[in-house]
Amino acid sequence: MPSVRQVAVKEGDVLLLVGTTKGAFLFRSDGARRRWEAGGPHFPGRAVYAMAYDGRAGRRRIWAGAHSMHWGAGLHASDDFGRTWTNPEAAPIRFPEGAGVSLKQIWQIRPGRADDPETLYCGAEPAALFVSGDAGQTWSLEPGLSEHPHRARWQPGGGGLCLHTIVPDAADPQRLFVAISSGGVYRSDDGGATWRPRNAGIRADFLPDKHPEFGQCVHKIAQHPDRPRRLFLQNHFGLYRSDDGGDTWVDIARGVPSDFGFPLVVHPHDPDTAYIVPLESDGFRCTPEGKLRVYRTADAGASWRPLASGLPQRDAWECVLRDAMDADLLDPAGLYFGTRSGQLFGLSSGGASWELIARGLPPIVCVRAALVGAPRALRGPRGAPARGRPRRAARGRR
Amino acid sequence: MPVTFRIPAPLRPFTAGRDCIRLEGCPATVAEALAELWAVCPGVRDRVLLEGGAVRPHVSLFVGTEDVRFTGGLATPLRDGSEIAILPAVSGGRAAEASTPPPGDTGRRSGPASLTSPSARGRGGGI
């Protein structure tokens, strides 16, 4: 196995957690985000589909879900930026013995709300939600979803029947959204006890009934904390916005080369701005016209514009997967994404052009950006106040 | 002669680094031997078995040179001095590529879904 390179993370650093099909990598930079130091591979040979950073309650904790084809999927945490990882004897995420199913994959690790710092969520395959109320020491299966009467009719997509997205509502501590492929969006308004499908307006092109109550292949949903009734959604064909907490969805796929894609990220400081990476059709799943482009809306989906400067625009048949894009919380915010071809790009410090942070990585399946602790005071080249100020650090998405 | 387990390197964090575990009892079957192993090294269990108790599909158990898949599974009888090897199946690495698509790759691949692609609906390219 390869030796693992460690990074020296400091307070105020921006940290990129990059999960690949062959391990996890960490990238760190100061708030200027001009130079990146690379570390890894952690869990070499294992597929790391889910990573998260938990900076609540004074923690500096990285989470990773690492899957071994031989030994199964494990959930691991590090409080020293990857020098050591937990490896508990009993698998923390596991189905009850009588459930008749076995954990195939951990798809999502999501810290709960900032004002609920002991809560974490974990999304699994086959589709299930696990919850921890003690900062990840112990986990339990959420029965309201695993015993939902719809469950038997959820169908696996090409990657399996997975609960891949968890959104704790920014306003209502009792409200929680999940997205399942292929089950659609479900919302709980009672802390996870009961769940209702919230898919009105979302297409299911692959079913005879194109607008069923549930069964959609939703690829990603995202909420902005400043406007929690608004959510954006990237579907398996279809791009949507809800302004009523998911009760109804309207199509916003105007001006994009394809309404198929996987990731969707909202701007951390602007609820009207969101980013996607269109792909051409579910049969091809590559960037349209051989051009790698992120599309941005700054008007909540009324229009979309490509962000292509610095990205390959010729013979670039790339794919960016659902969790392989994220934004940091600094101002100006940095946006990052990774490709299945192992390239990691960043658009940082308000720059106009994407920069290649790394190439040659294994296929990238997860990118998470985190701010470590309080930002350091940086000085610009002429002593000007630094770029990279934090905003809403106390509320943090992660 | 006691029954012994051969432990592969990835599982040795759960055996205090030991590559060989000798059982104290006299298990009659592989299942009984595994139960004794879990009692001594509980962390090995979840890496070898699925939640329902079946052996993980890409883990192999050999008694001597015989794969227990062909000798009765967990009911395979043991003899005095049997050696049980826990091994990662050679299929694992290959199957990891073939049977576990990347996480974003969850859409339907063929049939009706392909008929509804943008190009099939006249929406491909440059819209």
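**Confidence.** I started with pLDDT in this predicted model. Chain A has a mean pLDDT of 93. I noted that 93% of its residues reach 70 or more. Residues 378–387 of chain A have pLDDT below 50. I still found 15 contacts for residues 378–387 beyond near neighbours in sequence. Residues 392–398 of chain A also have pLDDT below 50. For residues 392–398 I count 16 contacts in the model, again beyond near neighbours in sequence.

**Cores.** Next I looked up the nonpolar cores. The largest one holds 113 residues. Which residues have the most contacts inside it? I get A:Leu17, A:Val18, A:Met51, A:Ile106 and A:Ile221. A second core of 17 residues is separate. I find B:Ile21, B:Leu37, B:Val44 and B:Val59 among its members. In soluble globular proteins, nonpolar side chains tend to be buried together.

**A:Leu17.** I listed its contacts, leaving aside neighbours within four places in sequence. They are A:Ala24, A:Leu26, A:Met51, A:Tyr53, A:Ile62, A:Arg368 and A:Ala370.

**A:Ala50.** I placed this residue in strand β4 of chain A, residues 47–54. Is A:Ala50 buried or exposed? A:Ala50 has 29 C-beta neighbours inside 10 Å, so I log it as buried; the cut-off for buried is 20 or more. I then listed what A:Ala50 touches, not counting residues up to four places away in sequence. The entries are A:Gly19, A:Gly65, A:Ile106, A:Trp107, A:Gln108, A:Ile109 and A:Cys366. Last, I checked A:Ala50 against A:Arg203. The two are 153 residues apart in sequence. Their C-alpha atoms are 27 Å apart in space.

Technical notes:
Residues are numbered from 1 along each chain as its sequence is written. Chains are lettered from A and ligands numbered from 1 in the order in which they are written. This is a predicted model: local features need pLDDT of at least 70, side-chain atom pairs count only at pLDDT 80 or more; totals for chains, interfaces and linings use all residues. A nonpolar core is a set of buried Ala, Val, Leu, Ile, Met, Phe, Trp, Tyr and Cys residues joined through C-beta atoms within 7 Å. A residue is buried if 20 or more other C-beta atoms lie within 10 Å of its own, exposed if 12 or fewer, and partly exposed in between; C-beta atoms are placed from the backbone. Two residues are in contact if their C-beta atoms, placed from the backbone, lie within 7 Å. Helices (H or I, at least four residues) and strands (E, at least two) are DSSP runs, numbered from the N terminus. pLDDT is the predictor's confidence in each residue, from 0 to 100.
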